[in-house]
2 protein chains.
Amino acid sequence: MPGYKNLDQCTAFKKLQEKKPVSLKNVLTPARIHEYQAHAGAGLTYNYAAKAVDNDILSFLADLAREQELIEKYRCVLNGEIMNTGENRKVLHHLCRGQLGQDIVCEDKNLRHFYTQQQKRIADFSQKVHKGEMKGSTGKAFDTVVQIGIGGSDLGPRALYLALENLYVPKMNVHFISNVDPDDANAVLARINLETSLFIVVSKSGTTQETITNYHFVIDKARTQNISSFNVHKHIIAVTGQTSPMAKNSDFAASFFIDDFIGGRYSSTSAVGGAVLSLAFGSEIFDQILQGAHEADKQALNEDIRQNAALLDALIGVYERNILHYQCTAVLPYSQALSRFPAHLQQLDMESNGKSVNRQGENVAYATGPVIFGEAGTNGQHSFYQLLHQGTDIIPLQFIGFKDAQISADVQYEGSSSQVKLNANLLAQILAFALGKDDSNPNKNFAGERPSSLIYAQKLDTKTLGALLAHFENKVMFQGFLWNINSFDQEGVQLGKVLTNKILNKQTDDLCNKFMTLLDL
Amino acid sequence: MPGYKNLDQCTAFKKLQEKKPVSLKNVLTPARIHEYQAHAGAGLTYNYAAKAVDNDILSFLADLAREQELIEKYRCVLNGEIMNTGENRKVLHHLCRGQLGQDIVCEDKNLRHFYTQQQKRIADFSQKVHKGEMKGSTGKAFDTVVQIGIGGSDLGPRALYLALENLYVPKMNVHFISNVDPDDANAVLARINLETSLFIVVSKSGTTQETITNYHFVIDKARTQNISSFNVHKHIIAVTGQTSPMAKNSDFAASFFIDDFIGGRYSSTSAVGGAVLSLAFGSEIFDQILQGAHEADKQALNEDIRQNAALLDALIGVYERNILHYQCTAVLPYSQALSRFPAHLQQLDMESNGKSVNRQGENVAYATGPVIFGEAGTNGQHSFYQLLHQGTDIIPLQFIGFKDAQISADVQYEGSSSQVKLNANLLAQILAFALGKDDSNPNKNFAGERPSSLIYAQKLDTKTLGALLAHFENKVMFQGFLWNINSFDQEGVQLGKVLTNKILNKQTDDLCNKFMTLLDL
């Protein structure tokens, strides 16, 4: 069994603190561009030539990885040990996409079989919908799918859907309802035909306030429309935990299951992402995403940090957070298809590692998870890059790029295609951030020394996308181990829920009452 | 003429540094909820009861506002003085929405007349399009408008469009192409009918690489479609500077003008936002946005910080940034219609104030503009709020809320409507962040002391939206004056452009060449 200790108790961490930081301008050479990269699985490569590390620092980081037993802890995850200690749960999202550890049996149930069985059921169901064998209550085929979910039941699946919607012709129109704001549900309902629409209600607990409210919102709206012989319940399926109140609700046209070992923000490769993505594109597309994720999971087992992109990305991130004291990380995909991928990573990272208490329940004396933000490049260049280049704080950057566009139809203008212009911008930014430029006009002076990494592949296809998703899941997991925190619970969201219910049940005090008058509550 | 000095040279700033910070748990009382709020114009109110300030701090902040002559500097902006000193330009976005300073005449041109004339031309043009008097080249009426622009020509207009698309039935289908990624343009082009589409190419300089590339992308794609008697140039209008290369291009079906005194990120209330929003909703809707913005501009002239929301928001923000040393600010609108408003504010704030050099060209020794990020609540609650509640850094919060939803059709479930649930969540979060909760289980312990403000109004309508936009523009302007930086240029984006062109023109060195091989360039 691996041991758990705080980052600042590690010998390698103390050595890193004593080591003088390197200057990017000094170390960034042509030679290291090919040397400083690691496989991330499924053809994805992590290049860290423009990170402020050298071989000494990398060697201390390798020591740190061994000292914190990162690979061993990852094996514990894969082998089904209770790694979400606060909630006394296993952490099994890797198992949804392939077996890398031992068989995991829980209450006589082989969980790998359980997850693949749910995938199979979803595949069969999707096929029936696509073939028109499964129809709406008024006899019309379904042409629209609407995911009702929030947080992990929304951000990951939505980001993946958007990443593929132009690569494949979706088999159905796809919409998402997440917010409890009635404007969200009303806007989607105004755009669809209820008779040909299939809703997926996604909530592991079966009690998520926003999602259950929107489920009832749809039922209520359907009733008011008075469509002859329309039965809304024939239009709603569920993805939920097997023991949840939703699992006991027999009104659903079908139900697919996950369990407590799949955390919301890690659930894109479970039935949570599987249902909507299989309905949108076909289950074979979803299978390919799982394969890509599995390849990244496998790569993340490599003991050599130079061969393990997720591990290295995690270690360099901790170096930047705890030695260089940078508070934020910007995620900058140079692919419009990844427009909402930063929003998914924002949840994944900030909900996993935005913690102040270690696994032993003590406050830690160092910074943990960073603030994550980002937009697709080149859009971000025309937005917040000014601050990244010339602001008073240094923000580490995570670029993502692809050699080819998803849609091959490109146009030449002034001697280059749009895709070449896109990637020229990406590489120009890496160099500008790292090297800066001296100018006698201080307004035009660039200090440089802004570190960045580049994750790249030939093209953003299904397997690449799956690997990209898993890369960041594994990076975040390794960072949690480095900080000695539990990356798999989210107690920080509970207090707001409790107070919301007090307001709704009118169990409020004077202070709250005064605030409530501002919004006429 | 006001004087310009650094923040750390101000007497009031030194007093603030000596003042002990207040504890929110100690100061947050029912009484101050109604006392600690200020008008922002057009029915918008800024409540700062849950900010970590008291009357002493507010009095020092008022001193600081006087010492940095903030209102006087704002009057200089309104009176057309050269406030963008680096580029030797006036700053006139306020003038697009009403006259608050003296007449501004430049080269014999009254600029107020110029801006209103352009609005009038856009209104007339929009009306012709809506009435079908202006048709496409094959004789069909236009039913679709596509804005081609990036940065300020995209984020602001897009955020405003999304904020209103469910409040009004748009008169046309609306799309945006921004990214130079060919997947962006291809995806939009696949969804529209060229014969009934009108494109707006928006670039003040007329040379923005992404926008001009996408303009030619559309022309090229149109040619390959071989539609009989189709003339793509009858489908493209321009919004550009009067002296730009685009202004000299006679191929456009119509051209509307701005000038160098309207910065990109401040251009939503100029022709840049006016063309697409007037075509989308009608010019009378755009006029109402301008009225709301004008009301906020007027409110921002109030010398009393307790009556001036933009000024107070700016001052409290600087207090948090430079006395409490918080690096980020999260913007959290509890309205799905504002889903992309944080992305606009990200540009507005970070591009304006992400600077290290003061107006005299010297490096400043204090932090300037914060990192801005955010998502619509309650979605954010299920994403990154974990870190906001329990992370190791404190992040100030900017909530935005409305008493009523935009669409009145709401549904009651378990005794409350969705809108009531939405706002109960909002208020619960303010309390949870401020007060926290002690728990013997350290995982469930909330330290509190996370400051937030709330901007609220009855409903998100056109005037409210205009006021909200202007509130933040003015806040950012005041902060720039406090930091003694120029909020109106963006020299930090230039180096990337230069290096991109070097790559495209193959004027590269070994280091760049090596990077280029990664992406097959």
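How many residues does the contact take from chain A and from chain B? The answer is 134 residues from chain A and 134 residues from chain B. Keep in mind that this is a predicted model, with an ipTM of 0.97 and a pTM of 0.98 for the complex.

**Buried area**
- Putting chain A and chain B together buries about 11,600 Å², and 63% of that comes from carbon and sulfur atoms.

**Polar and charged links**
- There are ten salt bridges between chain A and chain B.
- A:Glu375 and B:Arg340 form a salt bridge, with their closest N and O atoms 2.9 Å apart.
- Polar contacts across the interface of chain A and chain B come to 57 residue pairs, with both residues at pLDDT 80 or more.

**Who sits on chain A's side**
- Helix H15 of chain A, residues 418-435, gives the most to the side that touches chain B, putting in 16 residues.
- Sorted by class, the side of chain A that touches chain B holds 58 nonpolar, 52 polar and 24 charged residues.

**Confidence**
- Chain A has a mean pLDDT of 97.
- A pLDDT of 70 or more is reached by 100% of the residues in chain A.

Key
Residues numbered from 1 in each chain as written. Chains lettered and ligands numbered in written order. Predicted model: local features only at pLDDT ≥ 70, side-chain atom pairs only at ≥ 80, totals over all residues. Heavy atoms only, no water. Contact = heavy atoms within 4.5 Å. Buried area = accessible area lost by both parts, 1.4 Å probe. Salt bridge = Lys/Arg side-chain N within 4 Å of Asp/Glu carboxyl O. Polar contact = N/O pair within 3.5 Å; in protein donor to acceptor, adjacent residues only side chain to side chain. Helix = DSSP H or I, 4+ residues; strand = E, 2+ residues; numbered from the N terminus. Nonpolar A, V, L, I, M, F, W, Y, C, P; charged D, E, K, R; others polar. pLDDT = per-residue confidence, 0-100.
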